[in-house]
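Visitor: I have a structure to go through with you. Can we look at it together?
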Amino acid sequence: MGERKEEFLKEFGEDYGYPHASKNIDEIRATEFKRLDELVYLDHAGATLYSESQMESVIKDLTTNVYGNPHSQSDSSVATSDNVRMARQQVLDYFNASPEDYKCIFTSGATAALKLVGEAFPWSRESCFMYTMENHNSVLGIREYALNQGATALAVDIEDVEHHSGPSKSKLSSFKVSQHPAQRRTEATLTGTVVNGDTLGTVYNLFAFPSECNFSGVRFGLDLVNIIKEDAKVILEGSPYCRGQWMVLIDAAKGCATHPPDLTMFPADFVVISFYKIFGYPTGLGALIVRTEAARLLRKTYFSGGTVAASIADIDFVRRRGGIEESFEDGTQSFLSIAAISHGFKIINTLTISSIARHTASLAVYVRSTLLALRHGNGASVCVLYGTNAAKVLSRDIGPTIAFNLKRSDGSWFGYREVEKLASLSGIQLRKFISFVVRSFVSIPNPLGNECPQRTTISSSSTKENAGIERSRLMSLKAITIYPIKSCAGFSVDSWPLSSNGLQHDREWLLKSPSGEILTQKKVPEMCLIRTFIDLSRGTLFVESPRCKEKLKVPLEQTSCYRKEEMQLYGQRYEVQGYDSDVNLWFTEAIARPCTLMRCFGSEHTCCMNTSGIVGMCRDVQSKLNFVNEAQFLLVSEESISDLNKKLSKNPQNRSPGHQLPIHIDSMRFRPNLVISGAEPYAEDNWRNLTIGKACFTSLGGCNRCQMINLNPQTGQVQKLKEPLATLASYRRVQGKIFFGILLKYEENMRLGGWKDNDPEPRLQVGQRVYPNIS
């Protein structure tokens, strides 16, 4: 890593890491973003991060000053009004916009600003709403207002052939424009703007484009503003929709974080932004920067307390406020959030926007070029980038957003979920993440000469050649665990009866929220602290919780006093029974949220298909099931767990907090029903079926693990190191799934040695021999 960083700095050292600022990037991260310890955050396109000093300044401001409602005239209200005026000016300064030419209208975000333009724009039947194909849905939503008023909507592709940073004499020659079919609505209702559609009136059209594409990072040449406003005919090439006056809207929500449009050079009529995209806080606050002349053309229908000087309830009279900002800002402004803006801009001004742009560009260029250069062992490309081409990949005129897909060596795609899951396990919130991509997705030649994904193959000694050796091993059943209530703690026994559903009473109950959601440890980690035990001789399920003083007793005997109903879960239709309020209140107290206890009395498979025609989550689609995810049984081996612990101990990062002892995982972390011993590590992967005692089972394949195994069952806390799933992902991943343990189906009608009339009820017992079949 040190060598690569050194090479990187040779090429980008003048731009990367704010070398001329009071703090470099490493110092900034250590002091301003301590919360990112062991975490790599790459989702700045979604929301950038606020700094610690920024928030300290905000808190100090709000705790030392009194800000009142700006609609009053008190001292605290005047202080608020002064803050708002200062914030408006800071926004205009950021875009190099004169307060005489532009006004800053605060909104709840960029989306609300776009909605305001769409609602108030003077549409007519001759109007045209033109927009680039690369646009956010919030921009596309303006089309509804245009079409409903009889206007035409027109999508265009614009390729910036030669990017210009400023106006030029041959602006048009740098753009290649392709028009898509025009859209009209014959049922459109024309209201209030017909006069503008008259041949004697002025027709107003709107062109919208992003300064930077949210998806790919491609930047659009801002010369488009001047071209459209001065002579749109040259773009539309004789189109019937080019008459009238054209106005331009720039969606700068993404682009303004590194390249805010200069409104003196490129005088767009409307610019929309969200402040959390620039400096992280506040959220829920944005702005519409509107050209003064354009603002006077907008027609707002609704009025509120903050936008009118006077109104009379019993007659049709209203006098709106004269100021542009106050006439469009409904209700009381979010004045405390507005007060925080100055502290955000202070951080930006300290670093300077040009340094931010160079820093992010250097990272983006490096990552793009490195991703494109990655190759599998067979020479196939690993990464496909979107929104650019090889000639432009090293250009710094592309924004610092990278859209990509990853391909396997055979040309098939790694799924989005797989990439996201592994990134999360690596502490990356989608560091420079190149090493993560190489480690997880690049195939290298193995010693035999064929291709294999690096560190992602499942290895097992159980092949046909050593099948005989496998059968000769003395394998036995080491532990049996029953989990009566889904996602709650189970209890271990030496012997337990089998039923057509699996282990008797295993996952026969579950907890359900008032909205119908099935509660599990993924949503309610403290469920693992609820302890259960079944006394078959007394016919009672006992339940304990550290939050409840009394132990709960639930009778096993079926009773008709409780109502029954049907429910669907994992492709199964269940007949279930609820319980009275006392039982439900006990569990509500135990998990600190409202819930009800439900019991399974029978299940019937219903073919639940997804849109691709594939059966849903449940793998066992023929057996009778209780409330299980995929199958009746989960089996793990002590040897596989021991091998996993060896791998965990070799990683120096896997140390318990404050101790030098490595993390140790026991079998209960995986919530198995059956634990065996005596096999080779991962031998179970290749078993087709097996016999335990006289009971026969069919293997349904490996169990796909999720982040629930990172939950410590003794504490209910998730491991910060994201283990053991992160280590399992490094060597037990196949086609995006991370396997550990196998799923079993009990073959109720099969029995070793056959059935006899005087046979006792089928049971499993610790110590019984295990006989696997590989062939």
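Visitor: In β33, which residue is the bridge partner of Gly 701?

Guide: Leu 743 in β33 is the bridge partner of Gly 701. This is a predicted model, where local features need pLDDT of at least 70 and side-chain atom pairs count only at pLDDT 80 or more, while totals for chains, interfaces and linings use all residues. Residues are numbered from 1 along each chain as its sequence is written, and side-chain values use heavy atoms, with hydrogens and water left out.

Visitor: How many bridges are there between β31 and β33, and in which sense do they pair?

Guide: Seven bridges, in the antiparallel sense. Strands here are DSSP runs of E with at least two residues, numbered from the N terminus, and helices are runs of H or I with at least four. Two strands pair if DSSP finds at least two bridges between them.

Visitor: Which residue of β33 is the bridge partner of Phe 633?

Guide: Leu 744. Three bridges join β28 to β33, and these strands run antiparallel.

Visitor: What about β32 and β33, how many residues lie between them in the hairpin?

Guide: Two residues lie between them, and Gln 735 in the turn has a positive phi of about 50°. β32 covers residues 733-734 and is joined to β33 by two antiparallel bridges. Arg 733 has Ile 738 as its bridge partner in β33.

Visitor: Why is β33 largely enclosed?

Guide: Because 11 of its 15 residues are buried, β33 is largely enclosed by the rest of the structure. Buried means under 20% relative accessible area with a 1.4 Å probe, protein chains only.

Visitor: Now pockets. What is the volume of the second largest pocket?

Guide: About 1200 Å³. A pocket is an open set of points on a 1 Å grid over the protein atoms alone, where a 1.4 Å probe fits, with protein on both sides within 12 Å along at least five of seven lines; lining residues have an atom within 4 Å of a point. Points are joined across faces, edges and corners, and the volume is the space filled by probe spheres set on them.

Visitor: Which strand gives the most to the lining of the second largest pocket?

Guide: β33, with three residues. β28 (633-637) and β31 (695-704) each supply at least two.

Visitor: How many residues line the second largest pocket, and which lie nearest its centre?

Guide: There are 39, and Asn 629, Arg 671, Arg 705, Cys 706 and Met 708 lie nearest the centre.

Key
Buried means under 20% relative accessible area, exposed over 50%, partly exposed in between (1.4 Å probe, protein chains only).
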